[in-house]
Amino acid sequence: MIHRLTLKRPDDMHLHLRDGAMLAAVAPESARDFARAIIMPNLVPPVATMAQAQAYRARILAALPHGTAFEPLMTLYLTETTDPADVAEAARSGVIKAVKLYPAGATTNSHGGVRDLDKVMPVLEKMAELGLPLCTHGEVTTPEVDIFDREAVFIDTVLDPLRRRLPDLRVVMEHITTQEGVAYAAQGGNLAATITTHHLILNRNHVLVGGIKPHYYCLPVAKREHHRLALRRAATSGNPAYFLGTDSAPHVDALKEHACGCAGCFTATNTLPLLAHVFEEEGALDRLEAFTSQNGAAFYHLALNTSQITLIKSPHPTVFPAKIQSEGGPVTVFDPGFAVHWQVQS
Ligand SMILES: [Zn+2]
């Protein structure tokens, strides 16, 4: 049995760091274990221009503990007024690594997102030309479509037509949650998908049975068990089309435990031990490094990290902090609901 595992330091290819007091509270949690992260731009107002991305990057670096090597990889929030020339300059100068598509209203702070794809075609055409990835929040927001079907409908009615129209566009399907998402991303090439830690652990029963669990509520919402199992097979397959994007998304407890609770699981603190647990259950510890540290870097054309991280397994369950503190209040750390014996060696 393996008790010790050394990996290239992981990258988190989908992360919410927020801003201000919350940024100060959560940035050290990701920086402890990860080398780099693709930073989501859904602030208020959104990070929609090169200048905004540069300013946000500076605020992130200022929030990191002294001596941290963590590198934020910035993205722009695509709006119907995004200027293709600004995107091109931001990409060519290395300020951004991707552009994020939020269908308007799909999730936290997405009301400024895209309603009509035709309006952003000039930006997407420029991105295809540059090889700059489009990260998609892959859910339709049409009220008639059931929340559990929104990912599959997005693939059929938005993503696939878009990729046929612009075959050279590189696309990351963010936080896939369904068998359909797994199957569509499997074609690889200029298509890839991120998978979160919590979607490898939760199905919709965990969220809804025995009382609603606000800290398990996220978007896209967890689906049926067979979808969770498909995600596990994908993540542990070694297929380079799949890589880790935690979608760690902090909200203070007062906004999670609320009549209209916010969506998001905060997994930055304990993601790597949880993933080691999942991969061990699947008999795939030898493929954990591909998922956390190789496939994402390869898709984004980044050099692999040279620094390493070591996970150790102890006979005693690891005690993770239940909450981290922010100036606005406590943030609950994701609790998988089972004992985890892995920890990151400090
Ligand atoms: Zn997200």
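Guide: Before we start, a word on the metal: donors are N, O and S atoms within 2.8 Å of the metal (3.2 Å for Na, K and Ca), and water is not among the atoms, so sites may look incomplete. This is a predicted model, where local features need pLDDT of at least 70, side-chain atom pairs count only at pLDDT 80 or more, and totals for chains, interfaces and linings use all residues. Residues are numbered from 1 along each chain as its sequence is written, and side-chain values use heavy atoms, with hydrogens and water left out.

Visitor: Which protein donors does the zinc ion have?

Guide: They are His14 (NE2), His16 (NE2) and Asp247 (OD), lying 2.1 Å from the zinc ion. Their spacing in sequence is H-x1-H-x230-D. Histidine 14 sits in strand β2 and aspartate 247 in the loop between β9 and α9, 233 residues apart. Helices (H or I, at least four residues) and strands (E, at least two) are DSSP runs, numbered from the N terminus.

Visitor: Is histidine 14 buried or exposed?

Guide: Buried, at a relative accessible area of 0%. Aspartate 247 is buried too, at 7%. Buried means under 20% relative accessible area, exposed over 50%, partly exposed in between (1.4 Å probe, protein chains only).

Visitor: New topic: how many salt bridges are there?

Guide: The count is 13, taking a side-chain nitrogen of Lys or Arg within 4 Å of a carboxyl oxygen of Asp or Glu. One of them joins aspartate 253 and lysine 323, with the closest N and O atoms 2.7 Å apart.

Visitor: And where do aspartate 253 and lysine 323 lie?

Guide: Aspartate 253 is in helix α9 and lysine 323 in strand β11, 70 residues apart. Aspartate 253 is buried at 6%, while lysine 323 is partly exposed at 38%.
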